[in-house]
Amino acid sequence: MTSPTDKEIIDFVIHEARLLDQHRFEEWLALYTDDAYYWMPLEWGQTDPKLVGSLMYEDKLLLQIRVERLKGNRTFSQKPKSRCHHVLQTPQIDSRDDAKNEYVTWTPMHYVETRHDDQQLYAAWATHTLTVVGGVLKIKLKRVDLVNCEAAFGNIQLFM
Amino acid sequence: MARYRDNVEAVRNLVRPAEVHRDVYIDDEVFQLEMEHLFANTWVYIGHDSQVPNPGDYFGTTIGLQPVLMVRHTDQSVKVLFNRCPHKGTRITTETCGNTGKFFRCPYHAWSFKTDGSLLAIPLKKGYENTGLEQSHAGQGMTPVRHVHNYRGFVFAKINDFGQGFEEFFGESLSSFDNMIDRSPVGKLEVAGLPLRYMHNCNWKMLVENQTDTCHPMVAHESSAGTAVNVWKNAPPGTRKPMAVEIFAPFMSPYEFFENMGIRVWPNGHGHTGVHHSIHSDYSAIPGYFEKMVAAYGEERAKHILGENRHNTVYFPNLMIKGPIQLIRLFKPLAPNKTLVESYTFRLVDAPDVLLERTQMYNRLINAPTSVVGHDDLEMYERAQEGLHVDANQWVNVQRLYDPAEPVDVTAETNGTTEWQMRNQFHAWQKFMTMSM
């Protein structure tokens, strides 16, 4: 893949959500570059992930810890396991920069997470910053902006 | 049928020397009495004055279930007012924080109040002539919370005249605040952005107890901190230890580590873990920070300040602070089985930004609703909230390292895995619950 088509980019973002819904977490993690970040801001329009609070700002090591933890026999908060469900709008391609090898998409979505009898609905916008590594698309940064980012939440255990 | 209201003896009997009746966690009436007595007779944390830097700035919070406003008055003092129009009860502000200018104006009928709460004006005031408004509660303006104390920027308030003065209530425990503040080379903290807000379906006291429960980390957090340690083991040799692993790994320390770190109890339910060392002791040095501290305080005092590594300090009833990492957690009761946890981070003024970066990382790795460590704890609280409905055993046990001769309301240092601090809290609970009944 020299430069991805719009359709390939859109299909990639939709595929990422499907891997999460199907608990294919290792395949999901492999979509991220080694220096990738997954960011959920705490504030509306937040620009600084480090000196201002965030719900998540995790490198690949921390994401891997989460994925390993979900499998653990003593991960009591996952007995029973949570499940999740993504409903995406068609991802919109905000920028394509073939020279820089960087593609940015914007995807409004609803995310449902369930455990026991509880079912929580979250509304968010996902911004993917993608790049081509070794001929395949990878995620450099996934930013998830919750509509009610500063609200009081219960446990959010999986990935949006 | 009321079982506890107007029955001091029944309330007192909920707490025994080394066990506590389940009704303190699950009973609606006990919860209501906590709101009326415990949260009115004690000094409750309101906010930090850096949240209201300029005259007219306000910040809304609660004491128990009652909404209050912290506001910077025109004379620069910080007032705490009940957030209610004296007329019909309307909440005065709509935003959690903002600037109201020279006065508050009720959005319903435009009654207005100075920032100390006193009545400024009422539209069509003639309609109140000869009605005796001045003598009514409404004519007094917004009611101030009577007792307010600003301790080096941290504002506390007490609703009732019962109970103790600020200094007597906190006493030596203020040393934990001092240490957190002194970690700034200029002795000043600032709230750094919004708090993480985390809703817990459990009783607020479970969270408070957990702050000095040192027998759970290696068990409950095996899933998060233990996994972090294991994943890190597979890193290529020579890789620099990331800040996140420095934060996670000490949670997996053995019982011996926690036994040796020590617990200190103070009168009135306050106390802290980490007398000698703590999970915060072995963080990497931040370049340039120590030098700044030495320049500000001299080497001996700088070493002394940074040598304190208190783990969690509980300020009874519902505040916990972490001096070495500059964050606080406020456990706000909403119902017997519902608690809002707010975790605030602070910038050490004039210290390197990396310190704040670590504070923010700690907060999101440990205290966020998206935090795996938080998931471990909340799962346990919620299981306890359900399990306490078992009628066969109605008592919660806090007997670890109990000595029948154990004194109450004293300052003492002891083994870091004791449940003395929990007993200390329940002694204070019993005292402040019943003193106004």
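**Reading the A–B interface and a sheet of chain B**

Q: How many residue pairs are in polar contact between chain B and chain A, both at pLDDT 80 or more?

A: The count is 15 residue pairs. A polar contact is a pair of N or O atoms within 3.5 Å; within protein, one must be able to donate a hydrogen and the other to accept it, and residues adjacent in sequence count only if both atoms are side-chain atoms. This is a predicted model, where local features need pLDDT of at least 70 and side-chain atom pairs pLDDT 80 or more, while totals for chains, interfaces and linings use all residues. Residues are numbered from 1 along each chain as written, chains are lettered from A and ligands numbered from 1 in written order, and side-chain values use heavy atoms, without hydrogens and water.

Q: What area is buried between chain B and chain A?

A: The size of an interface is often given as the accessible area lost when the parts come together. Here it is about 3,000 Å² (1.4 Å probe, summed over both parts). Carbon and sulfur atoms give 61% of it. Leu194(B), Arg364(B) and Thr370(B) supply 21% of what chain B buries against chain A, more than any other three residues. By contact (heavy atoms within 4.5 Å), 36 residues of chain B meet 34 of chain A.

Q: How many salt bridges are there between chain B and chain A?

A: Side chains of opposite charge can pair when their charged atoms come close. The rule is a side-chain nitrogen of Lys or Arg within 4 Å of a carboxyl oxygen of Asp or Glu. Three salt bridges join the two chains. Glu379(B) forms a salt bridge with Arg115(A), with closest N and O atoms 2.9 Å apart.

Q: Which element gives the most to the side of chain B that touches chain A?

A: Five elements of chain B each supply at least two residues: β13 (196-200), α8 (222-233), α9 (243-248), α13 (353-367) and α14 (372-387). Of the side that touches chain A, α14(B) gives the most, with seven residues.

Note on methods:
Buried area is the accessible area (1.4 Å probe) that two parts lose on being put together, summed over both. Helices (H or I, at least four residues) and strands (E, at least two) are DSSP runs, numbered from the N terminus.
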